[in-house]
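Look at the strands and helices below, then read on.

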Amino acid sequence: MIEELRNEIISLLSKGVRLDGRAPDEYRPVVIETGVSKNAEGSAKVKIGETEVIAGVKLEIMTPYPDSADQGSLMVNVELFPMSSPEFESGPPDINSIELARITDRGIRESKCIDTKKLCITPGEKAWMVVIDVCTLNDAGNLFDAIALAATAALKSAVYPAYDGEKLDYKKKTSERLPLKGLPVTVTVFKYGDHFVVDPSSEEDKTYDARLTVSVLENGNICSLQKGGDEAVNTEDIFSMIDLARVKSKELRKFM
Amino acid sequence: MAYETRFDGRRFDEIRPIQAKAGIIKRAVGSGWFKIGNTEAYAAVYGPREMFPKFKQNPETGVLRCNYNMMPFSSAGERVRPGPSRRSKEIGMVTERALRPVLDLSEFPNAVVDVYIELPQTDAGTRCAGICAASIALADAGIPMKDMVCAISAGKVEDKILVDLNYEEDSHEQGVDIPVAVLHNSKQIALLQMDGEISPEDLRRAIELAKNASDQIYEAQKAALKDKFLLKE
């Protein structure tokens, strides 16, 4: 069944089209809405076609880690809600949500878009911890890019809650934004036979040979990679996938 | 002390603005969205499908299973740790009890109907908003139902009986919160909880307020379903 679907996808791709009529390098319509959850310090809802995710940022006070006493910290968590797909089950995070969270975390962390030193309040004692939770509402393919996009959009919209040095008042938000610069944009490229595709639909998301998730900086450099899928790829494939990701990242960046 | 005007200026019998939609989660068999003031709930229905674990199967009838969850960033205070808590499990259970009286799952032996409720933003009244969204979602999914379930909290703040408490009222020192689920046609009550001190006379008045307000909820639920199913010109 999966094999038949894969063969159909490849035979269509050799004619330059996809199951839903899109071109191989074409995203579905992307919509980003920020400020969707009033209690969060920052939030964003991202739709890519019928895929829909919602991200929220909470800021907590932490004790800095001993090996980085002058820095705050970042945490990304992904919740694959059983609401969003018949394939997701209740329970502790499974390996798929852990991979999604870690890919998103690394994209943000390695872009150095958050100045973690500026998150420090008192070295060795107090610092801000930025917690980003991304929740899925509807999985119609390409959660990788939707989740990363929602996480960065929520981060960009976040403001500090009121803090007087002792008490944190989550009900009072300040107008001060997080110390951010140069956000990454994440694009995942999927390989079917000899063909490359972005933004897979639900069907395409089940049948790929390999995928490469690429986080791209504004200057075109890349700051994180993750290969997935059961098939190996050759070096030229990797660079074709990176090239496509860089081109598409410019398109996605316009929505931010 | 006397509570003269409500924190947000509403009349004591006035609910917050409500909005409702049906069919917003495409992967689900049915779905609903319900917003009351700043409290917002999504509900999605999957099934009837085979019940796992198998020992929970009932050869006589299908089983309703509800799961209530607050998104980690949805609360007015600190981040809510992901995953089930005692509170969320209890709310899942009372949600099942609120919905079960209107459902007929006898055609689906050994099956489960799963309802997932998720809250992206909360300002009290979350279990009621979840039940309102779930009722829309079950109707949207085409599950046999003999009534709609309309849930709203009523209660007391200081000396006043009122409906649809917001967070400030709910967390008030002299606040009494009473979530009520009303079956629209029969006007029977399928959810009733309370914490705080109240006289039987005041409780009766609070339930009356909830019943009156439930009609507005029903209209919003019906409009949401009509909006999805009526053919548009």
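Two strands count as paired if DSSP finds at least two bridges between them. Strands (E, at least two residues) and helices (H or I, at least four) are DSSP runs, numbered from the N terminus. This is a predicted model, in which local features need pLDDT of at least 70, side-chain atom pairs count only at pLDDT 80 or more, and totals for chains, interfaces and linings use all residues. Residues are numbered from 1 along each chain as its sequence is written, while chains are lettered from A and ligands numbered from 1 in the order in which they are written.

**Strands of chain A**

In β2(A), A:I48 is the bridge partner of A:V30. On the β3(A) side, A:V46 stands opposite A:V53. The hairpin of β2(A) and β3(A) has 2 residues between the strands, and A:G49 takes a positive phi near 60 degrees there.

A residue is buried if 20 or more other C-beta atoms, placed from the backbone, lie within 10 Å of its own, exposed if 12 or fewer do, and partly exposed in between. Strand β2 (residues 42-48) of chain A has 7 of its 7 residues buried, so it is largely enclosed by the rest of the structure. A:G42, A:A44, A:V46 and A:I48 point one way from β2(A), and A:S43, A:K45 and A:K47 point the other way.

**The sheet of chain B**

In chain B, 5 strands form an open sheet with mixed pairing, in the order β1-β2-β3-β5-β4. Its edge strands, β1 (18-22) and β4 (63-70), each pair on one side only. From one strand to the next the twist averages 15 degrees.

These antiparallel pairs come from both chains:

| Pair | Bridges |
|---|---|
| β1(A) and β2(A) | 5 bridges |
| β2(A) and β3(A) | 7 bridges |
| β1(B) and β2(B) | 5 bridges |
| β3(B) and β5(B) | 8 bridges |

B:A22 has B:G32 in β2(B) as its bridge partner. B:E40 stands opposite B:Q121 in β5(B). β1(B) is mostly covered, with 4 of its 5 residues buried.

**Helices of chain B**

Axes are lines fitted to C-alpha atoms, for helices over the stretch in contact, and angles run from 0 to 180 degrees between N-to-C directions. Two residues are in contact if their C-beta atoms, placed from the backbone, lie within 7 Å. α4(B) lies across β1 and β2 (30-36) of chain B, at about 35 degrees to β1(B).

How do α2(B) and α4(B) pack, and how far apart are their axes? Helix α2 (residues 126-140) and helix α4 (residues 200-229) of chain B pack at an angle of about 35 degrees, with axes 10 Å apart. Among the residues that meet are B:C132 and B:I136 in α2(B), and B:I217 and B:L225 in α4(B).

**Core and interface**

A nonpolar core is a set of buried Ala, Val, Leu, Ile, Met, Phe, Trp, Tyr and Cys residues joined through C-beta atoms within 7 Å. The largest has 143 residues, and A:A150 and B:A133 touch the most other members. Helix α3 (residues 143-157) of chain A gives the most to this core, with 11 residues. Not counting residues up to four places away in sequence, B:A133 touches residues including B:W33, B:F34 and B:I117.

Between the chains, 25 residues of chain B are in contact with 31 residues of chain A. β5(B) gives the most to the side of chain B that touches chain A, with 4 residues.
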